[in-house]
Amino acid sequence: MERGLQRERSEANGTAKGGIAILELLDELRVIAQNGLEYNDGSDDAYDRRRYERVLELVSDYYGRALDAPPSAVRESLREEVGHVSAKVGAVGVVLDDRGRVLTMERSNNGRWALPGGYVDPNESAEEAVVREVREETGLDVEPVELVDVYSVGPGEGDNLHSIVNVVYRCRVRGGELRLSHEGTDLAYRDPHRLSAAAWHEQNRRYAVDAVESSDATLPTDSDGAKR
C-alpha cells in the first residue's frame with residue numbers, strides 16, 4: 001500500500017513565509033507534549049512534566065495566532081483529547097456506476113467535489129463508518145467490497161489541523177435512493193479524470209482515480225486483451 005501511505009510533503013498546505021509548514025510543526029509538537037504528559041506519572045519526572053506543559057502552552061499560543069483564536073480556548077480543546085494522541089481515522093466510500101464513473105458530492109462548505117466519507121466514531125469499525133457516512137450523505141445503502149488503500153493526510157491540508165489516516169473502500173450499492181444531505185449542494189456520478197485537481201476536495205481525486213484504475217485492472221479480459 002505504498003501508493004497511499006507515502007505522502008508528498010509538497011501536498012501540505014498551511015505553509016508560512018520561508019517555507020515552514022506551521023500546522024505540521026505545531027501538530028508534531030502537540031503530540032510530543034500530550035503523549036509526554038500521558039505517560040508521565042508526575043512523581044520522579046516532575047521536571048519533564050513541566051517541560052511538556054510548557055511545550056503545550058507554546059503550541060496553544062501559536063495555534064491561536066495561526067487560527068486567530070484565543071490560546072485558552074485552543075488549550076481547552078487540546079485537553080479534551082485523552083489517552084495516547086494519534087492520528088484521526090476517516091472512512092471514505094467509492095461508489096461506481098456501470099460506466100465506471102464515481103459518485104461525488106459537491107461540498108456546501110467549499111464548493112469542491114468529494115467522495116462520501118467522514119470520521120470513524122468510537123466503538124465503530126471503519127467498514128461500519130463508511131456505510132453510515134455514505135447513507136447520511138447520499139441516501140444509498142452500500143456494502144464495502146474491497147479496500148482501495150490507506151492514505152495519510154497531513155496537518156494544513158484543506159481545513160485539517162491534525163494528521164488523518166483515511167481508509168478508502170470500493171462499495172456496492174445494496175439499496176436506497178440518491179438523496180442530498182445538508183453537507184452538499186449536488187450529487188453526481190463523475191469521471192474523476194475529467195475533473196481538474198483544483199475542483200476536488202483535498203486528496204479525493206487521488207482516492208477516486210486509484211479506485212477506478214484498480215477496479216478496471218481486475219475486470220476479466222477477452223482473448224484479445226480487451227476489457228469485458
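What follows is a short chat about the predicted model shown above.

Visitor: What kind of model is this, and how are the residues numbered?
Guide: This is a predicted model, in which local features need pLDDT of at least 70 and side-chain atom pairs count only at pLDDT 80 or more, while totals for chains, interfaces and linings use all residues. Residues are numbered from 1 along each chain as its sequence is written, and side-chain values use heavy atoms, with hydrogens and water left out.

Visitor: How many helices and strands does the chain have?
Guide: The chain has 6 helices and 7 strands, where helices (H or I, at least four residues) and strands (E, at least two) are DSSP runs numbered from the N terminus. Read from the N terminus on, the order of the elements is α-α-α-α-β-β-β-β-α-β-β-β-α.

Visitor: And how much of the chain is buried?
Guide: Of the 228 residues, 37% count as buried, with buried meaning under 20% relative accessible area, exposed over 50%, and partly exposed in between (1.4 Å probe, protein chains only).

Visitor: Changing topic, how much space lies in the largest pocket?
Guide: The largest pocket holds about 480 Å³ of space. On a 1 Å grid over the protein atoms alone, a pocket is an open set of points where a 1.4 Å probe fits, with protein on both sides within 12 Å along at least five of seven lines, and lining residues have an atom within 4 Å of a point. Grid points are joined across faces, edges and corners, and the volume is the space filled by probe spheres set on the points.

Visitor: Which residues are closest to its centre?
Guide: Among the 23 residues that line the largest pocket, Arg107, Gly118, Tyr119, Asn160 and His201 are the closest to its centre. Strand E1 (88-95), strand E2 (102-107), strand E4 (117-119), strand E6 (164-176) and helix H6 (204-217) each give two or more residues to this lining, and E1 gives the most, with 4 residues.

Visitor: How does that lining divide into nonpolar, polar and charged?
Guide: The lining of the largest pocket has 9 nonpolar, 8 polar and 6 charged residues. Here Ala, Val, Leu, Ile, Met, Phe, Trp, Tyr, Cys and Pro count as nonpolar, Asp, Glu, Lys and Arg as charged, and the others, Gly among them, as polar.

Visitor: Okay, salt bridges next: what is the count?
Guide: The count comes to 15 salt bridges, each being a side-chain nitrogen of Lys or Arg within 4 Å of a carboxyl oxygen of Asp or Glu. In general, side chains of opposite charge can pair when their charged atoms come close.

Visitor: Which residue forms a salt bridge with Arg172?
Guide: Arg172 pairs with Glu143, and their closest N and O atoms are 3.2 Å apart. Because Glu143 lies in strand E5 (residues 140-153) and Arg172 in strand E6, the pair ties together parts that are 29 residues apart in sequence. Glu143 is partly exposed, at 30% relative accessible area, and Arg172 also counts as partly exposed, at 41%.

Visitor: What about Arg174, is that one buried or exposed?
Guide: Arg174 counts as exposed, at 59% relative accessibility, and Arg174 forms a salt bridge with Glu143, with 3.5 Å between the closest N and O atoms.

Visitor: And are Arg132 and Glu133 buried or exposed?
Guide: Arg132 and Glu133 are both buried, and their side chains meet in a salt bridge of 3.0 Å, N to O.
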